[in-house]
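Here's a quick briefing to read with the model open beside you. It covers a pocket, a helix and a ring pair.

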Amino acid sequence: ASPLTISQLAAWMGYKEITFLGIDTTQTGQAWDAQYGRTAKERNIRSILECFERAGRDMKHAGRIMQDATPNGRVNKEGCLPYVPLEEILGSLLRA
């Protein structure tokens, strides 16, 4: 299942905050074409990023938080979701 599908399930279950980790959407993932050294279908990655942006906007409108803790991931570098360092998230959980 995709991370976005899982986030929809989490929202349906009532989670108010969703943080992604490890979704870099770079040229080393499943859209990478090792033989030619480039993204096989850049359009697919663009579509994925658009879906993250839309999901983040929908969550915000619903009064919920969707963010990304992936260092240097395209989801946050391209502004689809805000970046929050994992240390900040874990620190707030440890203080609670």
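Which helix gives the most to the lining of the second largest pocket? Helix 2 does, with five residues. Keep in mind that this is a predicted model, where local features need pLDDT of at least 70, side-chain atom pairs count only at pLDDT 80 or more, and totals for chains, interfaces and linings use all residues. Residues are numbered from 1 along each chain as its sequence is written, and side-chain values use heavy atoms, with hydrogens and water left out.

**The second largest pocket**

- This pocket holds about 200 Å³ of space; a volume here is the space filled by probe spheres set on grid points, which are joined across faces, edges and corners.
- A pocket is an open set of points on a 1 Å grid over the protein atoms alone, where a 1.4 Å probe fits, with protein on both sides within 12 Å along at least five of seven lines; lining residues have an atom within 4 Å of a point.
- Its lining is made up of Leu 4, Ser 7, Gln 8, Cys 51, Arg 54, Ala 55, Asp 58, Met 59 and Met 66.
- Two elements each give two or more residues to that lining: helix 1 (3-12) and helix 2 (42-61). Helices are DSSP runs of H or I with at least four residues, strands are E runs of at least two, and both are numbered from the N terminus.
- Sorted by class, the lining has five nonpolar, two polar and two charged residues (Ala, Val, Leu, Ile, Met, Phe, Trp, Tyr, Cys and Pro are nonpolar, Asp, Glu, Lys and Arg are charged, and the others, Gly among them, are polar).

**Helix 1**

- Leu 4, Ser 7, Ala 10 and Ala 11 are the buried residues of helix 1 (buried is under 20% relative accessible area, exposed over 50%, partly exposed in between, with a 1.4 Å probe and protein chains only).
- Looking down the axis of helix 1, its buried residues fall within an arc of 115°, so they line one face; the arc is taken from the directions from the helix axis to the C-beta atoms.
- Over on the other side of helix 1, Gln 8 and Trp 12 are exposed.
- Ser 7 has a relative accessible area of 4%, and a polar atom of its side chain lies 2.7 Å from the backbone oxygen of Leu 4.
- After helix 1 comes Gly 14, with a positive phi near 105°.

**The aromatic pair**

- There's one aromatic pair in the structure (ring centres of Phe, Tyr or Trp, using the six-membered ring of Trp, within 6.5 Å; planes under 30 degrees apart are stacked, over 60 edge-to-face, the rest tilted).
- Phe 20 and Phe 52 make this edge-to-face pair, 5.3 Å centre to centre with 85° between the planes.
- Phe 20 sits in strand 1 (residues 17-20) and Phe 52 in helix 2, so the pair ties together parts that are 32 residues apart in sequence.
- Both Phe 20 and Phe 52 are buried.

Note on methods:
Polar contact = N/O pair within 3.5 Å; in protein donor to acceptor, adjacent residues only side chain to side chain.
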